[in-house]
Amino acid sequence: KECLEKYSDKRMTYGHLISQLIDDHRLAEAQRYCDEMEKVFPDDHFMTVHKIKLAIAKGDLKAAQEMMCALDEKYPGDWSIQHWIGDLQTLAGEYTAAKVHYRRSIELLPTPRYVDPIDSLAQCCEMDDDIEGAIATRKFELEVSQKDWDCTTGETIDHIHREITRLERLL
């Protein structure tokens, strides 16, 4: 809150505070800051993301889905928005829809491609008990790491190999 007093013109300040309040189940307080954020940053996708998080925390999945659909319609070609929607769908337990948005995010990535949506897709597949999908996604993550970043050794690559081994044991 002290940071917000100093940097009320920074949307990330609102976002961090709102996320922490949601995590602490202080939903009425989070709502108040969401309302403030909306006044400062109207029609901002980041503000909408936090409104969706709050709706999910309140159990209002219908409102959350409506806002996600609106984001999707407004930003169909933005990889980062598609990734956000995937994250929000995962948070809402809508794994099938989340996987669609993660895959769309991956398709939209410019090169060199970030692996964040690939990692998110692998985790979502595992949560959805789609272990084969998670393994295939981790293998794709290795491919992108090598092809786009020339990364073939080190902890990042070792971690992916460990994940593949762990997932294979689940089959």
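Begin by selecting Asp 43 and Lys 74, which form a salt bridge with the closest N and O atoms 2.5 Å apart; a salt bridge is a side-chain nitrogen of Lys or Arg within 4 Å of a carboxyl oxygen of Asp or Glu. Asp 43 belongs to the loop between helix 3 (27-40) and helix 4, and Lys 74 to helix 5, so the pair ties together parts that are 31 residues apart in sequence. Helices here are DSSP runs of H or I with at least four residues, numbered from the N terminus. Asp 43 is exposed at 60% relative accessibility, whereas Lys 74 is partly exposed at 43%; buried means under 20% relative accessible area, exposed over 50%, and partly exposed in between, with a 1.4 Å probe and protein chains only.

This is a predicted model, in which local features need pLDDT of at least 70 and side-chain atom pairs count only at pLDDT 80 or more, while totals for chains, interfaces and linings use all residues. Residues are numbered from 1 along each chain as its sequence is written, and side-chain values use heavy atoms, with hydrogens and water left out.

Helix 4 (45-58) and helix 5 (61-74) each contribute at least two lining residues. By type, the lining comprises five nonpolar, two polar and five charged residues; Ala, Val, Leu, Ile, Met, Phe, Trp, Tyr, Cys and Pro count as nonpolar, Asp, Glu, Lys and Arg as charged, and the others, Gly among them, as polar.

Staying in helix 5, select Lys 62 and Glu 66, which are four residues apart and separated by about one helical turn. Their side chains meet in a salt bridge at 3.9 Å, N to O.

Next, select Asp 148 and Arg 113, whose side chains form a salt bridge at 2.7 Å, N to O. Asp 148 lies in helix 9 (residues 131-149) and Arg 113 in the loop between helix 7 (95-108) and helix 8 (116-127), so this pair ties together parts that are 35 residues apart in sequence. Both Asp 148 and Arg 113 are buried. For a network of salt bridges, select Lys 1, Asp 24, Arg 26 and Glu 29. The structure holds 17 salt bridges.

Move to Lys 99 in helix 7, which is buried at 9% relative accessible area. Beyond its neighbours within four places in sequence, Lys 99 is in contact (heavy atoms within 4.5 Å) with Leu 121, Cys 124, Cys 125, Asp 128 and Asp 130.

Finish with the aromatic residues, where a search of the whole structure finds three pairs. The ring centres of Tyr 14 and Phe 41 are 6.1 Å apart and their planes lie at 80°, so the pair is edge-to-face. Rings of Phe, Tyr and Trp (its six-membered ring) pair if their centres lie within 6.5 Å; planes under 30 degrees apart count as stacked, over 60 as edge-to-face and the rest as tilted. Both Tyr 14 and Phe 41 are buried.
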